[in-house]
Amino acid sequence: MKTVKPPVCAFVKSGVRPGLALWLLALCLSLPATLRAQAPQATPPPPAAPRSVQFPKPVEKTLANGLRIIVIERSSTPLVTAQLVIKNGGEVDPPELTGLGNMLADLITKGTEKRSATQIAEEVEALGGSLYSSARWDSTRIGVDVMSSKIGPAVDILADVIRRPTFKDEEIERLRQQTLDDITVQLGEPGSIARYVAARVVFGDAPYGQPLAGTPESIARITRDDFMKYHRRWYRPDNAILVVGGDIKASSAFGLAQRYFGDWKKPAEALPPLPAPKPVVSAEPRVVVVDKPDAGQAAVLVARAGINRNDPDYFRGVVANSVLTGYSGRLNQEIRIKRGLSYGAGSQLDTRRSVGPFVASAQTKNQSAAQVAELLLGEVSRLATGPVPDIELNPRKAVVIGNFARNLETNAGLVAQVASLAVYGISFDEINRYIGSVQNITASDVQRFAGSHLDAKATSIIVVGNAKEFLPELRQKYPQVEVIPMAELDLNTALLRKKKQAG
Amino acid sequence: MKQRKFGGWLALLATLFISSVFARDSFAQVAMPRINFDEKTLANGMRVLSAVDHSSPTVAIQVWYHVGSKDDPPGRSGFAHLFEHIMFKATRNMKSEMMDRLTEDVGGFNNAFTNPDVTVYYEVVPSNYLETLLWAEADRLSGLTVDEPNFKSERSVVEEEYRQSYLAPPYGMLEYLIEQQSFTTHPYKRPTIGSIEDLEAASLENVRAFHETFYRPDNATLVVVGDFDPKQLDGWVARYLAPIPKPAIPLPRVNVKEPQRTAERRITHNAPNVPLPAIALSYLAPSQKSPDSEPLQVAATILAQGESSRLYRSLIYEQQVAQSADATPDLREDASVFYFNVVLASGKKPEDVEQALLTEIKKVQDVPVSAAELDKAKNQLVTNELRQRETSNGKALALGSSAVLLGDPNRVNTDLAKLQAVTAADVQRVMKQYFTAANRLVIYYLPEATKTNPTTSSINHMFQLRPTAAIATSIGQRGGQGK
């Protein structure tokens with residue numbers, strides 16, 4: 001039997017419960033009755049009755065200094081994750097000092113009033129854990145992940161690095177050199193280059209256009225004073241959230257928070273207001289090729305502005321994006337499964353405090369880069385041209401729901417998810433409402449979202465690779481293509497091209 | 001404090017299979033939750049391992065085939081991995097990609113990977129789909145019906161996987177060289193990804209013959225972990241898997257012995273797209289079943305895990321001669337390779353960095369590691385293992401790996417004691433025994449003076465079916481591009 005149709009998946013709610021019940025398990029594979037009637041070896045047996053699950057509920061309190069503490073108890077594995085979230089990230093880097101927040105996140109683990117860089121690493125690793133810290137968009141996350149028996153000393157070190165970093169000149173210079181080398185390595189990878197270029201193309205000189213890790217020029221400029229100012233301005237209890245998740249009682253977690261963060265003083269000066277979400281800037285779409293003749297494969301991206309995290313269209317966007325991305329999403333269907341042009345194609349709707357990017361991408365051999373660009377763009381456009389059939393839409397919703405639930409299965413995933421909701425000021429009830437919100441999205445919601453937010457006419461194309469293999473084909477369709485040799489690429493500005501040196 | 005790693009996901013994936021697994025009563029004041037499993041062997045030779053865990057209403061299903069890239073047919077390097085991709089195409093009762101309909105479409109996922117020793121297929125689905133997936137796994141074990149266009153298209157996907165994993169990233173080809181050059185005789189010298197030429201030569205006839213030779217119940221281990229009823233599982237196994245006949249023909253096994261190295265060998269490789277020069281040292285080590293595996297893992301952890309490790313402290317922090325420094329005990333069934341790879345800091349000379357690395361190795365040979373370092377390494381290894389076992393799929397990987405690669409599923413619960421027993425003297429002994437000049441391969445990986453096209457060649461390691469972080473998710477680390 002070679003023509004089994006893709007099963008249709010119906011969503012069945014097995015009841016309404018309070019708390020964080022997830023109904024993903026209520027997904028039902030309904031096969032045509034005629035198939036069920038055949039010999040059991042020839043057709044898949046239908047599913048049994050679904051079961052449900054409850055996720056632990058976050059509890060929280062706020063310390064007198066304004067620090068918000070959120071605890072999620074779950075004792076299935078003897079591990080605890082503690083993550084301190086600063087509610088700003090790369091978007092508050094001054095334009096000439098891009099990469100400052102990220103480099104600062106690295107630097108705070110390199111020495112405090114009590115501990116040297118070496119002692120910090122030794123102490124935290126002796127606990128079996130690791131201390132991670134990095135700036136992202138809209139937040140900076142510093143955390144430890146340890147066996148539950150080690151959480152006390154781990155939070156001690158966490159609080160120390162956040163509150164009392166010393167910013168020694170020697171450490172700054174060492175880290176500066178390391179950061180420059182890291183950037184050099186990143187800029188050897190076509191995919192990384194393409195993502196940096198896409199950010200500049202979509203957001204221009206606005207904050208989200210800046211490279212989060214900085215540029216060789218900006219990293220060279222940063223001074224100790226810049227670190228001190230940044231730390232004083234943003235690392236303060238009333239601009240932070242401590243999220244603790246795993247095998248720990250809420251009362252113990254609150255006790256640890258009070259002990260190590262309770263006397264963290266809130267500065268007298270007012271907290272700078274969060275930048276208000278900016279309206280979508282409709283930048284002129286561009287077609288940019290970065291010519292890297294030694295690239296072993298081309299990275300192809302199509303990118304445009306998407307939506308912000310608090311947009312009422314959020315769930316429409318999530319579901320619309322899921323039709324395009326994932327293993328069986330349209331992009332991978334067309335590019336990998338049907339044509340063998342890539343190991344994987346997908347898209348990302350990156351929602352942030354202000355409007356974030358929508359990016360569809362794939363890597364392919366240099367010769368097929370122009371074809372892959374057309375396929376990416378074609379699939380994104382097609383989403384607005386007609387409703388997605390239910391037989392396709394329902395499985396994609398199941399994917400969204402399954403991914404959501406699996407992300408909550410590990411401590412680190414659970415803490416990251418709760419921290420993100422907290423950063424964007426979203427109620428934890430959303431965890432409970434998530435599945436319903438996804439289920440409620442209709443084919444016409446998806447089509448309307450695609451029409452208003454994924455219009456291909458406002459979409460730019462970025463290709464990084466060996467241009468002589470694909471440029472003639474790309475240029476036929478896009479005579480306006482800008483070609484930038486790798487040696488002339490400048491990520492400091494939206495122009496993307498180094499100014500010609502005199503002489 | 002970010003991890004400074006290159007080849008990150010490969011190294012991590014490899015670690016999954018090389019790290020031994022631990023039992024309860026850890027020295028680390030933490031009870032490693034025991035995996036209480038059930039074991040049986042069907043009349044057709046198929047082994048079934050199962051463990052109930054109701055913490056999430058999902059179930060992980062894995063089928064481990066004891067065939068890897070070391071079993072690639074002659075002139076067909078990369079075939080075991082290409083074959084793994086073909087297992088998602090048409091079977092007797094399923095059309096191409098139906099596995100995705102049965103998993104992804106109901107909120108689950110599937111993936112597979114091939115390494116030099118094994119090929120593993122896995123699915124995580126809502127638990128009410130367990131019977132459906134057992135039927136599907138039985139169906140593809142019973143036979144493939146893939147056609148020529150689907151075969152060719154999937155072969156192109158594998159070629160793109162090769163480019164994405166080895167040609168696009170700056171140090172992909174260094175990983176390849178380490179794998180390829182570390183063995184001279186054993187088929188481990190053939191990279192798991194193979195070569196474009198060999199992949200292009202592969203045919204549907206090869207697919208049929210490979211399935212017949214290696215995809216048989218007496219070469220398979222089914223692992224089921226999660227939310228299920230053991231009686232129901234037994235019934236479904238009896239119904240769908242037990243009837244598959246065991247072939248009469250013998251199962252071929254690789255019996256080649258890799259000879260001991262007798263003198264240092266040095267290779268200089270100039271490649272395109274090398275942002276900073278890099279060096280690698282590789283040493284041959286015994287099979288992962290050897291009792292030396294635990295001390296070698298402790299040694300690797302002391303040398304290179306985290307910013308308090310010897311190599312980070314010395315090469316990156318104090319001397320500032322390296323951008324990254326890794327040590328990987330790539331433990332395998334027949335013979336292992338322990339390798340170091342170091343990307344140089346800008347402006348440094350490979351000769352100097354090689355000397356600095358050798359000095360650190362010599363220190364561990366000359367002076368026993370401290371008790372504090374030993375404890376730290378054990379804590380790190382236990383914590384890694386706990387993270388891996390957070391999910392049903394992670395538990396199933398630990399169980400399957402013990403059964404198939406270590407030869408005894410009970411080791412999933414008993415190997416912690418072995419790790420706990422490792423002493424500073426053990427670490428010193430294995431460092432002296434294996435890290436000798438005569439057992440050393442040195443690779444200098446340098447930029448080309450002039451630009452040329454990248455060479456197409458082949459690489460060894462573990463290859464996943466899809467560019468996803470599915471395994472990564474199970475150990476709670478690493479992002480990914482999604483499926």
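1. Six strands of chain A form an open sheet in the order β13-β14-β12-β15-β11-β16, with mixed pairing. Its edge strands are β13 (345–349) and β16 (482–485), and each pairs on one side only. From one strand to the next, the twist averages 15°. Strands (E, at least two residues) and helices (H or I, at least four) are DSSP runs, numbered from the N terminus. Two strands pair if DSSP finds at least two bridges between them.

2. A word on the model. It is predicted, so local features need pLDDT of at least 70 and side-chain atom pairs count only at pLDDT 80 or more, while totals for chains, interfaces and linings use all residues. Residues are numbered from 1 along each chain as its sequence is written, with chains lettered from A and ligands numbered from 1 in the order in which they are written.

3. Look at strand β12 (residues 298–305) of chain A. Eight of its eight residues are buried, so β12(A) is largely enclosed by the rest of the structure. Buried means 20 or more other C-beta atoms within 10 Å of the residue's own; 12 or fewer means exposed, anything in between partly exposed, and C-beta atoms are placed from the backbone.

4. Which strands pair with β12(A)? One is β14 (residues 357–364) of chain A, antiparallel over eight bridges. There, V302(A) stands opposite A360(A). Another is β15 (residues 460–465) of chain A, antiparallel over five bridges. In that pairing, A299(A) has V464(A) as its bridge partner.

5. Strand β11 (residues 287–291) of chain A pairs with β15(A) in the parallel sense, over five bridges. V289(A) stands opposite V463(A) in β15(A).

6. Helix α6 (residues 190–203) of chain A lies across β11, β12, β14 and β15 of that chain. It runs at about 25° to β12(A). Axes are lines fitted to C-alpha atoms, for helices over the stretch in contact, and angles run from 0 to 180 degrees between N-to-C directions.

7. The largest nonpolar core has 280 residues. Helix α6(A) gives the most to this core, with nine residues. Such a core is a set of buried Ala, Val, Leu, Ile, Met, Phe, Trp, Tyr and Cys residues joined through C-beta atoms within 7 Å. Among those with the most contacts inside it are L158(A), V463(A) and V342(B). Contact means C-beta atoms, placed from the backbone, within 7 Å. Not counting residues up to four places away in sequence, L158(A) touches A82(A), L84(A), I142(A) and V144(A).

8. Helix α5 (residues 169–186) of chain A has 18 residues. It reaches 25 Å from its first C-alpha to its last, close to the 26 Å expected at 1.5 Å a residue. That expected span is 1.5 Å times one less than the number of residues. Its buried residues include L175(A) and I183(A). They pack against α2, α3 and α7 of chain A, together with β9 and β10 of chain B.

9. How many residues of chain A are in contact with chain B? There are 88, in contact with 79 residues of chain B.

10. In chain B, L311(B) sits in helix α11 (residues 310–318). L311(B) is buried, with 23 other C-beta atoms within 10 Å. L311(B) and V342(B) are 31 residues apart in sequence and 9.5 Å apart in space, C-alpha to C-alpha.

Technical notes. Contact = placed C-beta atoms within 7 Å.
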